[in-house]
Amino acid sequence: MLEKYNKHIVPNPAVELIHASCDDAEEEALEWARKARFPWPTVLMPDWEAVGLNDYGAFPGEILLIDRAGKVLAKDEKDAFAKISGLK
């Protein structure tokens, strides 16, 4: 994922990746993200509702592309990155 992030998302200011963690324990989740060297923000499961992630019914490992208005543009990794490549 890091390679795709660096290739498709970093150079595109129209796109931001957010990691929706299934962990309840902040320390464990953030330590895992640090070890994996994730440069994107991590949102813990207890905070999903507050930031609107519960609205999408996502599952662990799932990749969704959502626009600023909250509309789901893609529901899998292949489609998401294909659409990201076309965004400017």
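This is a predicted model: local features need pLDDT of at least 70, side-chain atom pairs count only at pLDDT 80 or more; totals for chains, interfaces and linings use all residues.
## Helix packing

Two helices pack against each other: α1, residues 2–9, and α4, residues 77–86. Their axes lie 10 Å apart. The angle between them is about 25°. Angles under 35 degrees count as roughly parallel, so α1 is roughly parallel to α4.

From α1, the contact draws on K4, H8 and I9. From α4, the partners are E77, F81, I84 and S85. By class, the residues of this contact divide into three nonpolar, two polar and two charged.

## Salt bridges

Side chains of opposite charge can pair when their charged atoms come close. The model has two salt bridges. One of them joins the side chains of K4 and E77, at 2.5 Å from N to O.

K4 sits in helix α1 and E77 in helix α4, so this pair ties together parts that are 73 residues apart in sequence. Both residues also belong to the contact of α1 with α4.

## The largest pocket

Rolling a probe the size of a water molecule over the atoms shows where empty space is left. Here the largest pocket has a volume of about 1,100 Å³. Its lining takes in 37 residues. Closest to the pocket centre are E16, L17, I18, H19 and L64.

Which elements each supply at least two residues of the lining? They are β1 (19–20), α3 (48–51), β3 (65–66) and α4. Helix α4 gives the largest share, three residues. This is the helix that also packs with α1.

Conventions:
Residues are numbered from 1 along each chain as its sequence is written. Side-chain values use heavy atoms; hydrogens and water are left out. Axes are lines fitted to C-alpha atoms, for helices over the stretch in contact, and angles run from 0 to 180 degrees between N-to-C directions. Helices (H or I, at least four residues) and strands (E, at least two) are DSSP runs, numbered from the N terminus. Angles under 35 degrees count as roughly parallel, over 145 as roughly antiparallel, 65 to 115 as roughly perpendicular and the rest as oblique. Contact means heavy atoms within 4.5 Å. Ala, Val, Leu, Ile, Met, Phe, Trp, Tyr, Cys and Pro count as nonpolar, Asp, Glu, Lys and Arg as charged, and the others, Gly among them, as polar. On a 1 Å grid over the protein atoms alone, a cavity is a set of points where a 1.4 Å probe fits but cannot get out, and a pocket is an open set with protein on both sides within 12 Å along at least five of seven lines; lining residues have an atom within 4 Å of a point. Grid points are joined across faces, edges and corners, and a volume is the space filled by probe spheres set on the points. A salt bridge is a side-chain nitrogen of Lys or Arg within 4 Å of a carboxyl oxygen of Asp or Glu.
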